[in-house]
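Let's take a friendly walk through this protein, from the whole fold down to single side chains. Keep the structure open beside you as you read.

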Amino acid sequence: MTAISTDVRKLTGRIGAEIIGIDPAGDLDATQVAFLADALHEHKALVFRGVDLDDEGQQRFAARFGELTKAHPTVPAVEGAPAILPVDSERGRANHWHTDVTFVLNPPKASTLRSLVVPPYGGETLIANTAAAYRDLPAPLRAFADTLRAVHTNDYDYVQPPETLDEQEKERRAQFVSRKYRTVHPVVRVHPVTGERGLFIGGFAQRIEGLSVTESRDLLRLLQSYVTRPENIVRVTWEPNQLVLFDNRVTQHYAIDNYDGLPRRLNRVTVAGDVPAGIDGRASESLEGDASHYTSVA
């Protein structure tokens with residue numbers, strides 16, 4: 001610990017901790033950044049309450065952990081802040097389990113979310129520990145998963161039937177797939193720092209290499225059911241002036257749409273990541289789409 005007043009308070013047994021005594025808006029030294037990185041690797045998601053951050057401060061804090069990405073490969077950034085993605089309920093709702101931007105070759109290392117407008121109830125974010133999910137797999141299923149690779153794409157089957165979409169939602173989806181990406185990743189990813197193995201799937205994973213679409217969906221649904229077990233999840237209840245940092249390499253998240261259409265606005269800043277690798281050391285491969293305008297390839 002960096003000082004006697006610094007504390008890490010676990011939120012659940014398997015994932016999540018609140019950080020006490022380190023101010024993300026402050027001028028953090030190398031010891032404090034290393035302390036937070038270690039806490040992130042252990043707890044996967046860190047919550048900071050009562051922070052006084054603006055857009056510049058959020059970007060400065062996220063940059064302590066590495067080079068920043070642009071806001072998104074296809075979705076516009078906040079005006080004048082190319083690294084900030086507005087997560088705005090008026091622009092759509094990410095109420096499906098996913099890991100950020102896994103359809104590119106090197107998805108983000110970490111994500112930060114900062115609360116701007118919080119509904120009076122609901123609107124929580126669920127974050128799941130995919131390493132715990134991997135450890136939960138029965139031994140035969142775990143051994144099978146170790147051998148698999150999955151194709152991730154931003155041009156995927158959305159939960160909502162297309163005939164139910166209004167024009168605004170159709171425009172948002174057209175923008176999301178204005179550049180199409182397909183990347184094949186290992187289903188079991190080895191964390192580059194901790195060496196933990198985690199299930200690297202989520203909503204953008206659409207097909208298992210060598211299997212049909214139907215077979216892939218059945219298998220992905222089975223593996224995903226271990227990720228979303230309640231014991232592997234922390235439920236982040238948003239409040240004003242709150243910041244959450246999570247390890248995008250070993251988590252999935254889900255924004256709950258349970259706030260009756262009230263305004264909800266967060267800003268997201270992400271840290272560039274490395275190219276995933278499986279337990280055999282084989283790296284991910286890009287099949288379609290150039291994301292060099294979004295992130296450098298480590």
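Among contacts between residues at least 6 apart in sequence, 82% join residues at least 24 apart. Keep in mind that this is a predicted model. The protein holds 6 helices and 16 strands. Its radius of gyration is 18 Å, close to the 19 Å that the globule rule gives for 298 residues, so the protein is as compact as a globular protein of that length. Along its principal axes, the C-alpha trace spans about 55 × 45 × 35 Å, and 51% of the 298 residues count as buried.

Three strands make up an open sheet in the order 12-6-14, with antiparallel pairing. Strand 12 (233–236) and strand 14 (251–255) sit at the edges; each has a single partner strand, so one side of each is left without a neighbour in the sheet. From one strand to the next, the twist averages 20 degrees. Strand 6 (residues 125–129) pairs with strand 14 over 5 bridges in the antiparallel sense, and here Ala 128 stands opposite Gln 252 of strand 14. As background, strands of a sheet pair through backbone hydrogen bonds, either parallel or antiparallel.

Next comes helix 2 (residues 55–62). Which of its residues are buried? They are Gly 57, Gln 58, Phe 61 and Ala 62. These residues cover an arc of only 130 degrees around the axis, which puts them on the same side of helix 2.

Leaving aside neighbours within four places in sequence, Gln 242 is in contact with Val 47, Phe 48, Arg 49, Val 51, Leu 113, Arg 114, Ser 115, Val 236 and Thr 237.

| Side chain | Backbone atom reached | Distance |
|---|---|---|
| Asp 54 (side-chain oxygen), at the start of helix 2 | nitrogen of Glu 56 | within 3.3 Å |
| Gln 242 | oxygen of Thr 237 | 3.3 Å |

Methods: Residues are numbered from 1 along each chain as its sequence is written. This is a predicted model: local features need pLDDT of at least 70, side-chain atom pairs count only at pLDDT 80 or more; totals for chains, interfaces and linings use all residues. Side-chain values use heavy atoms; hydrogens and water are left out. Two strands pair if DSSP finds at least two bridges between them. Helices (H or I, at least four residues) and strands (E, at least two) are DSSP runs, numbered from the N terminus. Axes are lines fitted to C-alpha atoms, for helices over the stretch in contact, and angles run from 0 to 180 degrees between N-to-C directions. Buried means under 20% relative accessible area, exposed over 50%, partly exposed in between (1.4 Å probe, protein chains only). The arc is that of the directions from the helix axis to the C-beta atoms. A polar contact is a pair of N or O atoms within 3.5 Å; within protein, one must be able to donate a hydrogen and the other to accept it, and residues adjacent in sequence count only if both atoms are side-chain atoms. The radius of gyration is taken over C-alpha atoms; the globule rule is 2.2 Å times the number of residues to the power 0.38. Contact means heavy atoms within 4.5 Å.
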